[in-house]
Amino acid sequence: MIYFDNAATTRPYPEALKTYSEVASKIFGNPSSLHVLGSNAHRILEASRKQIAELLGVEPDTIIFTSGGTESDNWAIKGTAFAKKAFGKHIIVSDIEHPAVKESAKWLLEQEFDVSFAPVTKAGFVDVEELSQLIRQDTILVSCMAVNNEIGAIQPISAISKMLADKPSITFHVDAVQALGKVPLTNYLTERVDLASFSGHKFHAVRGVGFLYKKTGKTISPLLNGGGQESNLRSTTENVPGLASMAKALRLMIEKQEPTLVKLQAMRTVIMEALSTYDDLVLFSGQDDFAPNIVTFGIKGVRGEVLVHAFEAHDIYISTTSACSSKAGKPAGTLIAMGIPAEQAQTAVRISLDEENDMSQVEQFLTVFKMVYTQTQKVR
């Protein structure tokens, strides 16, 4: 099997699974309980928070545990909007955001907020100048992803941070779900970033855990009310085994990051160069300022799902861009925002690499691709 769908989810590290199993079986107390079993669970919970904070170079109290990227994004957008509505009701999100951000923004329209969508260039990058023109006196939030999940474009977070430097009243949120381990942390977790979303299963932790970075002093409405967990911001019994496994996975991923990035870039370069030789193929991902693990392309006249199943027949697993919207059969929203016609956007498929992949798998993929390309000749 060749698994090239790591942007959708990664295989959990064996060490992370071991941590999950040990904590679930041995540290099973409720971390809010007063007895020793609860104290042990609370100790593991806070140790996990401290480890994640240290790995990211932030303070432990800025890490709020969630169930993953979608929850973190929803909370960042809606929580900020309602916490700051007395100061304004205008928010800005880029036109290529993940549905967790974009749909949250659209939902806020129904709650009498005003939303602007910042345009992107034809290459898939947010136009910082155009974004700056959208800012108004009543703007309370700007949200932009660090790495686009559909084509891998690394967004200009540093440039947006500079543009917002003299606007401290505007909360700046970054969806960093696809960036962790693929782009240097300083590129997207800048001093100006107030909120950032992360998801464990994107870096070899188990599903169902993630976290929201919230800069000290920044205001956000509580997500869940109840017992007062997570500093009264998210009241629910914490998933201690999952969070411990996430801290372990993050440490392992960061330890391997430098050689992994070199390996990913080498594999991506080979794939990009090979695919660029085919006449009826369109590369939607570019070379410069793109994540080292994502290549998105399409064969003219061939729908993306046809290619996905063609490769699946050879035990190779790719995807039709975003996993969260692939079953809906809709063209990639990023490509539409880039001005690519819907018919062409529907041909898009995404390869997303990981440290577990190697060059022999790349070679096998390219061999199968040549076969599939030939088989689609009549359609093309």
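**Entry 1: before starting**
I reminded myself that this is a predicted model.

**Entry 2: the seven-stranded sheet**
I began with the strand order. I found an open sheet of 7 strands, ordered β2-β8-β7-β6-β5-β3-β4, and its pairing is mixed. I then asked which strands stand at the edges. They are β2 and β4 (114-118); each has a single partner strand, so one side of each is left without a neighbour in the sheet. From one strand to the next, I noted an average twist of 20 degrees.

**Entry 3: strand β8 and its partners**
Next I went to β8, residues 210-214. On one side I looked at β2 (residues 63-66), which pairs with β8 in the antiparallel sense over 4 bridges. Here T66 has G210 of β8 as its bridge partner. I then checked β7 (residues 195-199), and found that β7 and β8 are also antiparallel, with 5 bridges. In this pair S197 stands opposite L212, and S199 has G210 as its bridge partner.

Is β8 mostly covered or mostly open? I found it mostly covered, with 5 of its 5 residues buried. I also sorted the directions: G210, L212 and K214 point one way, F211 and Y213 point the other way, and all are buried.

I looked for helices packed here. Helix α2 (residues 36-56) touches β2 and β8, and its direction makes about 120 degrees with that of β2. Helix α3 (residues 69-83) lies across β2, β3 (90-94), β5 (139-145), β6 (171-175), β7 and β8, and runs at about 160 degrees to β7.

**Entry 4: the three-stranded sheet**
I moved on to an open sheet of 3 strands, ordered β9-β10-β12 with antiparallel pairing. At its edges stand β9 (281-283) and β12 (348-352), each with a single partner strand, so one side of each is left without a neighbour in the sheet. The twist averages 30 degrees from one strand to the next. F297 stands opposite V349 in β12.

Helix α9 (residues 257-275) packs on this sheet, touching β9, β10 and β12, and makes about 15 degrees with the direction of β10. Helix α10 (residues 304-312) lies across β10 and β12, at about 45 degrees to β12.

**Entry 5: α9 against α14**
I then turned to helix α14 (residues 359-375), whose axis comes within 10 Å of that of α9, with a crossing of roughly 15 degrees. That makes α9 roughly parallel to α14. I noted the crossing as right-handed. Among the residues that meet are M267 and V270 in α9 and F365 and F369 in α14. The residues of this contact divide into 11 nonpolar, no polar and no charged.

**Entry 6: α10 against α14**
Last, I checked α10 with α14: they pack at an angle of about 125 degrees, with their axes 10 Å apart. That makes α10 oblique to α14. This crossing is right-handed. Which residues make the contact? I listed L307, A310 and F311 of α10, and F365, V368, F369 and V372 of α14. They divide into 7 nonpolar, no polar and no charged.

Methods:
Residues numbered from 1 in each chain as written. Predicted model: local features only at pLDDT ≥ 70, side-chain atom pairs only at ≥ 80, totals over all residues. Heavy atoms only, no water. Pairing = 2+ DSSP bridges. Helix = DSSP H or I, 4+ residues; strand = E, 2+ residues; numbered from the N terminus. Axes fitted to C-alpha atoms, helices over the stretch in contact; angles between N-to-C directions. Contact = heavy atoms within 4.5 Å. Parallel < 35°, antiparallel > 145°, perpendicular 65-115°, else oblique. Left-handed = near helix turned anticlockwise from the far one by under 90°. Nonpolar A, V, L, I, M, F, W, Y, C, P; charged D, E, K, R; others polar. Buried < 20%, exposed > 50% of the residue type's maximum accessible area, 1.4 Å probe, protein only.
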